[in-house]
Amino acid sequence: MIPFSPPRIDDKIINEIVAALKSGWITTGPRTKLFEKKLTEFTDAKAVLCVNSATAGLELLLRWFGVKEGDEVILPAYTYAATANVIVHCGAKPVFVDSNAHDFNISVEEIEKAITPRTKAIMPVDIAGLPCDYNEINALVRRVDIKSLFEPQTKEQEQLGRIMVLADAAHSLGGWYENKRTGNLTDITVFSFHAVKNLTTAEGGAVCLNLPLPFNNEEIYKYLCIKSLHGQNKDAFQKAKIGNCQYDIVEAGYKFNMTDIQAAMGLVEIDRYDNDMLIKRKSIFDKYTAAFINKKWAWLPVITNEIKETSYHVYLLRVRNIIEEQRDAIIEAIFKAEVAVNVHFIPLPMMTFYKKMGYSIDNYPVAYSNYACEISLPVYYDLTDEQTETVINVVCEAVEKVIY
Ligand SMILES: *Cc1c(COP(=O)(O)O)cnc(C)c1O
């Protein structure tokens, strides 16, 4: 079986984890701080906080901004549950909007239609690694008529004076937009280092801060360190220093911190991300594109255009003019031929919990049609050229068997 997305575990990773274990310091400490510094350099963000998942990072920042019951947060219907669940955790209402047909990302036109005086944040998702239309989204939240709708209820909301843009960049570490990297494109960006993501620490995430003046991102970073560790004003590493065991609890914070064992993996991966991981992933994308470009049934994903470039996270192949049942039959045939593929994503209004909340997929026709004809192909470091060829052949055979 060719798996869908195994992590890259080699001797370098194993040796760094062993070194972290042998150092005697396994929770948040010097490796996490160094990983934060490397991520800051990589993304050019103003400050980066590592956390134990992207989900935690997204919730932490919604909480920081004071999102609560009675508020609304706009997000795409086409995303993973994490994006919406954190809004529910805060007691706010997820306001799903439809996608673009050309690239799977959230439609800016639909965002505009969904804004109300209750809207506190927008959570664009860089589906498959392709950055959303950040120029348009950033301009929209700054438009005078949109700003005048905004009703601030906390000090942070007052200071920002508009809707916050909280990017779910779980897929897009290393993507580009106008010569800038993801992590540096909007107010807040959150990455995921879950096991299937481009860069993994088994579980983990990072929050990139780029809030405009009068915010001080360094100060907010320091506050978020406290907020993500029980509201405790010193972490365990600081407390372990001589004469430093006194501490205070300044609020009922969360337990969202990253461990140094996770950071050990991240440090190996970030150093070889640009010049090794992304090159390999791009070469797999290029092989898929070369193979499918002449197939009449194939609808190729947007990988790059004048202003953006993907992080080559997942290859979202669409098959033209098929219905959901045909797509499922194709996937079954692919699995029978020992290749694992996936669907990114089942839109959230199709999920039991969100259906029960009253959402209906009928209101998101583009998200549905993107989903119904989509097949995600394997892309990962250890996928060999021969295996890539096998995936291509198996996919073509399966599609052509079902549609002709
Ligand atoms: C993986 C993923 C997340 C969640 O990341 P975790 O680190 O597992 O919390 C959030 N959003 C999207 C779109 C994802 O694919």
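This is a predicted model: local features need pLDDT of at least 70, side-chain atom pairs count only at pLDDT 80 or more; totals for chains, interfaces and linings use all residues.
**Entry: around the ligand**

I listed the residues around the ligand and got 16. Thr55, Asp168, His171, Ser192 and Lys197 come nearest among these 16. I then checked individual polar side-chain atoms against ligand oxygen atoms. For Thr55 I read 2.4 Å from a polar side-chain atom to an oxygen atom of the ligand. For Lys197 the corresponding reading is 3.4 Å, again from a polar side-chain atom to an oxygen atom of the ligand.

**Entry: domains**

I looked up how the protein chain is divided. Domain 1 covers 11-271 and domain 2 covers 274-403. In the contact between them I find 41 residues from domain 1 and 36 residues from domain 2. Their C-alpha centres lie 27 Å apart.

I next took the buried area. The two domains bury about 3,200 Å² between them, and 60% of this is on carbon and sulfur atoms. Which residues of domain 1 lose the most area to domain 2? I find Tyr78, Phe104 and Asn198, which together make up 21% of what the domain 1 side buries.

**Entry: Phe104**

Phe104 sits in the loop between β3 and α5 (108-114).

**Entry: polar pairs across the domains**

I counted the residue pairs in polar contact between domain 1 and domain 2, both residues at pLDDT 80 or more, and the count is 23. On the side of domain 1 that touches domain 2, the elements giving two or more residues are α4 (81-89), β3 (93-97), β6 (176-177) and α11 (260-271). I sorted the residues of that side of domain 1 by type and got 21 nonpolar, eleven polar and nine charged.

How many salt bridges does the rule find across the interface of domain 1 and domain 2? I find two. I also looked up the salt bridge of Asp274 with Arg181, where the closest N and O atoms are 2.9 Å apart.

**Entry: salt bridges in the whole structure**

I put the total for the structure at 24 salt bridges. I picked out Arg272 and Asp10, whose side chains meet in a salt bridge at 2.8 Å, N to O. Arg272 is in the loop between α11 and α12 (273-292) and Asp10 is in the segment before α1 (11-23), so this pair ties together parts that are 262 residues apart in sequence.

**Entry: cis peptide bonds**

I looked up two peptide bonds. The bond from Leu213 to Pro214 is cis, with omega near 10°. Pro214 lies in the loop between β9 (205-209) and α9 (217-227). The bond from His344 to Phe345 is cis, with omega near -5°. I place Phe345 in the loop between α13 (324-336) and α14 (352-356).

Methods. Residues are numbered from 1 along each chain as its sequence is written. Side-chain values use heavy atoms; hydrogens and water are left out. Domain bounds come from an automatic or database domain assignment. Contact means heavy atoms within 4.5 Å. Buried area is the accessible area (1.4 Å probe) that two parts lose on being put together, summed over both. A salt bridge is a side-chain nitrogen of Lys or Arg within 4 Å of a carboxyl oxygen of Asp or Glu. A polar contact is a pair of N or O atoms within 3.5 Å; within protein, one must be able to donate a hydrogen and the other to accept it, and residues adjacent in sequence count only if both atoms are side-chain atoms. Helices (H or I, at least four residues) and strands (E, at least two) are DSSP runs, numbered from the N terminus. Ala, Val, Leu, Ile, Met, Phe, Trp, Tyr, Cys and Pro count as nonpolar, Asp, Glu, Lys and Arg as charged, and the others, Gly among them, as polar. A residue is near a molecule or strand if one of its heavy atoms lies within 4 Å of it.
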